Amino acid sequence: MENDQKGATGGEDTVDDKIMEQGAVVFRGYVIQSVNRDDPRMHLVPEDLGGRADEGQEPEVKEVVLRLRKIAEDLNRDAELERLLDAVDLDSVQDVFFSVARKIFADEVSWGRVVAFFHFAYRLIYKALTQNHTEIIHRIIAWVLQFIRENISSWIRQHGGWEGVLNCVLRWNNVTIFAAGILTGALLYWKMAN
């Protein structure tokens, strides 16, 4: 099917555009669901994050967001990880973002690493929301999409698109522990380098 799509639609760029569009919707859904869990009094909608009012309503998108959120649940209970995330200064967040993102994916790409990346970006957005640095939220989302396009979109395409996470049969407890370790390690690396 993918080869037919490539020939009929003009190549991998078209497939990657779809990966990017879906990635933006999935990430915004992930942020919205995470904010609703962390602070139900905050009410975010896709438009607040640069999306459309009707996006993310497809059953497949909802299921992908749910699966990614389920994997990330335990990340919020990791005290060391939270301490490191709290140390990030939003005034110099771009350097931190790209340094940590590159470190997360330094060895390989996996769904656990994608979750660690999403959780990291979400925590930066949540911090911006709670500290009234809302002007940076759209930049963080743009950085997420830039990083996906430049570094992991081809892996996501090769692993079934965003729906590939639904077909992954890994033990999610192990993936969560792995994601927490990867993100903690990346943040420690950044902290030691600065």
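I count two residues as in contact when heavy atoms lie within 4.5 Å. On that basis I looked up the separations in the protein chain: of the contacts with a separation of 6 or more, 79% are between residues 24 or more positions apart.

The model is predicted, so I note that local features need pLDDT of at least 70 and side-chain atom pairs count only at pLDDT 80 or more, while totals for chains, interfaces and linings use all residues. Residues are numbered from 1 along each chain as its sequence is written, and side-chain values use heavy atoms, with hydrogens and water left out.

**Chain overview**

I took helices (H or I, at least four residues) and strands (E, at least two) as DSSP runs, numbered from the N terminus. I found nine helices and zero strands in the protein chain. From the N terminus on, the order reads α-α-α-α-α-α-α-α-α. Of the 194 residues, 52% are buried (under 20% relative accessible area; exposed is over 50%, partly exposed in between, with a 1.4 Å probe and protein chains only). The accessible surface is about 9800 Å², and carbon and sulfur atoms hold 48% of it (Shrake-Rupley method, 1.4 Å probe).

**Lys62**

I located Lys62 in helix H3 (residues 59-72). Its relative accessible area is 46%, so I list Lys62 as partly exposed. Beyond its neighbours within four places in sequence, Lys62 touches Gly56 and Gln57.

**H5 against H6**

I then checked helix H5 (residues 93-104) and helix H6 (residues 111-130): their axes come within 10 Å and cross at roughly 165° (axes are lines fitted to C-alpha atoms, for helices over the stretch in contact, with angles from 0 to 180 degrees between N-to-C directions). H5 and H6 are therefore roughly antiparallel (over 145 degrees; under 35 is roughly parallel, 65 to 115 roughly perpendicular, the rest oblique). The contact includes Val93, Phe97 and Ile104 of H5 and Arg113, Phe117 and Leu124 of H6. By class, I get 11 nonpolar residues, no polar and one charged (nonpolar: Ala, Val, Leu, Ile, Met, Phe, Trp, Tyr, Cys and Pro; charged: Asp, Glu, Lys and Arg; polar: the others, Gly among them).

**H5 against H7**

H5 and helix H7 (residues 137-158) pack at about 30°, with axes 11 Å apart. That makes H5 roughly parallel to H7. On the H7 side I noted Trp143, Val144, Gln146 and Phe147, which meet H5 residues including Phe97, Phe98 and Arg102. The residues of this contact divide into seven nonpolar, two polar and one charged.
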